Amino acid sequence: MKLLCLDVGTVRIGVAKADTTTRIAVPETTITVDRSEWDELRKLTRKYQTKWFVIGMPRNNRGQETRQSGYVKEFARVLKREIPGAKVKFQDETLTSVLAEDRLRARRRAYRKEDIDKEAAAIILQDFMEGFSTPTVDANVSDEPNIDFGDRMDDEDFERRSRRVKKTSSTRSSRSARITDEEDDYPEYSGRPERGKRHGKNGGKAKFMIIPVVILVVALGVVLGAVGWYNAALEAVIPGVNCSGNSSEEACKPVAFSVVSGETTEQIANNLEAAGLIRSALVFNLNMKFNHANAESDNTLKEGEYELTKTLTVEEVTKRLIAGAGSNVFSFMIYPGETVKSIKSRLISEQGYSEAEVTAAFSKTDYGYPILQSQDFETITAQGGEVLEGLIFGNTYEFYRGESVENIVRTALDAMQKTVEENNLEERYASRGLTLAQGITLASIVQKEAKSADQPMVAGVFYNRLAKSMSLGSDVTAQYAADIIDPNRATYGSNEAIVEIDSLYNTRVYAGLPPGAICNPGITALLAVAEPGETDAIYFLTGDDGLMYYSSTDEGHTRNIHEHCAELCSIAL
């Protein structure tokens with residue numbers, strides 16, 4: 001059985017792989033966190049034919065979860081949604097980046113931050129696998145040394161045995177005393193400092209110089225301790241729990257809280273602490289003074305009856321009290337590259353809207369925005385596509401509870417209209433022979449085909465193919481057609497069958513652009529179509545190493561497939 005391990009960061013994700021028959025974790029790659037990470041992770045699952053993930057769970061030196069722990073848990077929740085059937089296990093890890101850098105430094109070769117991330121993921125995965133051969137120390141579970149960790153392991157085995165994985169290696173624990181809990185980036189360890197030598201009077205001076213240094217160290221420790229305490233007190237009373245669509249979770253049960261007319265901020269803070277909704281009234285007051293003292297806006301805490309949960313941070317509680325009891329705001333994120341089908345599904349599952357209301361709002365074409373005018377709605381509908389595909393701009397939006405789906409759609413359409421106008425996209429697309437609708441459609445294909453950095457060159461390749469009256473030949477369009485016609489792949493089960501699907505969306509069969517977009521493109525893809533890269537290439541592919549390879553001839557493209565795409569080019573669509 002194959003496993004993928006993720007060392008999740010806010011900028012990059014380190015990836016490692018392992019086959020349980022060899023039980024050796026190997027650094028694989030890094031993925032940039034720019035909303036393209038889900039496509040990259042899907043490619044990896046198809047490449048290695050696995051949906052088993054081990055994710056590093058960061059903790060501080062006392063074994064407690066941190067703000068980053070909550071970020072990792074939220075990432076895992078989205079991972080399960082984006083990759084249906086994904087099985088996720090957390091592996092406790094502390095200071096893996098430090099250990100990874102030590103290993104790389106010991107090899108006496110140049111390395112980059114990306115190499116540290118990959119190495120850290122490999123360390124986490126190796127710890128996870130080694131735990132399976134460790135006899136259990138749980139008194140409630142019978143001893144079972146020398147577990148057979150082979151390809152026959154099923155879901156139940158994975159769940160049962162993964163509970164026995166040891167949390168942290170002793171090597172990293174022994175180093176934790178030298179590094180504070182609050183550090184995010186660790187300086188290079190340059191060796192032990194050279195001891196001072198005593199020569200006559202200089203030795204006496206050295207003694208006296210130690211005193212202010214000690215005072216400075218103690219003062220610094222006090223400051224760091226205070227900062228650490230303050231940051232910890234800003235966290236939720238019960239951190240790491242996402243209550244979206246999860247009201248059955250005990251931590252998500254609402255707690256009634258009242259703000260009475262005439263109460264001071266200090267009184268409200270004390271009441272919040274007494275109700276167990278925040279960790280510290282003092283920190284609440286400091287946060288108000290530091291972050292909400294702008295006289296230009298109304299940042300007063302409003303009277304009223306609230307329902308709060310213990311999963312809210314101090315800042316989240318503060319914003320709700322400032323907004324007022326009647327606001328009850330919720331956030332909804334639309335991702336660049338996400339399809340309308342996915343957005344509709346999440347509005348139903350995460351926000352509780354009815355299928356009928358969602359379907360009606362996304363079927364309307366008379367919202368009045370100019371971006372709707374050049375769309376070929378009749379052909380899109382006839383081909384089974386979504387009429388608003390490509391026009392829902394990816395962003396994080398805030399709405400009041402009870403907001404109609406129609407207004408949610410209108411807000412996203414308004415954001416796309418502003419993006420088009422601010423970047424003069426209609427004029428820039430027209431200068432290249434495309435209508436606005438065609439430019440957005442091409443941008444949606446570019447969005448699915450390439451990472452942000454590669455999108456201009458890929459757009460250039462597609463322009464070259466259009467100029468030569470060649471078909472775009474894009475597999476992602478065939479995949480979109482298959483998702484419309486046969487989403488479960490009951491009939492079209494092979495790549496050969498999918499690329500031959502008779503649909504105007506399938507650019508492997510029909511020349512030119514499809515009748516509409518295949519996803520909702522982000523700003524980088526929209527701009528890539530406006531300003532494509534200069535190239536004479538008419539072919540491109542993503543290699544097994546994650547890099548893009550281009551060619552201007554059939555022979556060169558065939559060579560690129562053989563040399564760089566032995567595995568990825570054969571994965572299922």
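Biologist: Does H557 count as buried or exposed?
Modeller: H557 counts as buried, because its relative accessibility is 17% (buried is under 20% relative accessible area, exposed over 50%, partly exposed in between, with a 1.4 Å probe and protein chains only). Keep in mind that this is a predicted model, where local features need pLDDT of at least 70, side-chain atom pairs count only at pLDDT 80 or more, and totals for chains, interfaces and linings use all residues. Residues are numbered from 1 along each chain as its sequence is written, and side-chain values use heavy atoms, with hydrogens and water left out.

Biologist: What is H557 in contact with, leaving aside its neighbours within four places in sequence?
Modeller: Y539, F540, L541 and S551, where contact means heavy atoms within 4.5 Å.

Biologist: And which helix is H557 in?
Modeller: Helix α21, residues 554-564 (helices are DSSP runs of H or I, at least four residues, numbered from the N terminus).

Biologist: New topic. At what angle do α17 and α20 pack?
Modeller: About 45°, with the axes 8 Å apart (axes are lines fitted to C-alpha atoms over the stretch in contact, and angles run from 0 to 180 degrees between N-to-C directions). Helix α17 covers residues 455-467 and α20 covers 523-530.

Biologist: Which residues make that contact?
Modeller: From α17, Q455, P456, A459 and Y463; from α20, T524, A525, A528 and V529.

Biologist: Last one: how much of the chain is buried?
Modeller: Of its 573 residues, 44% count as buried.

How values were computed. Helix = DSSP H or I, 4+ residues; strand = E, 2+ residues; numbered from the N terminus.
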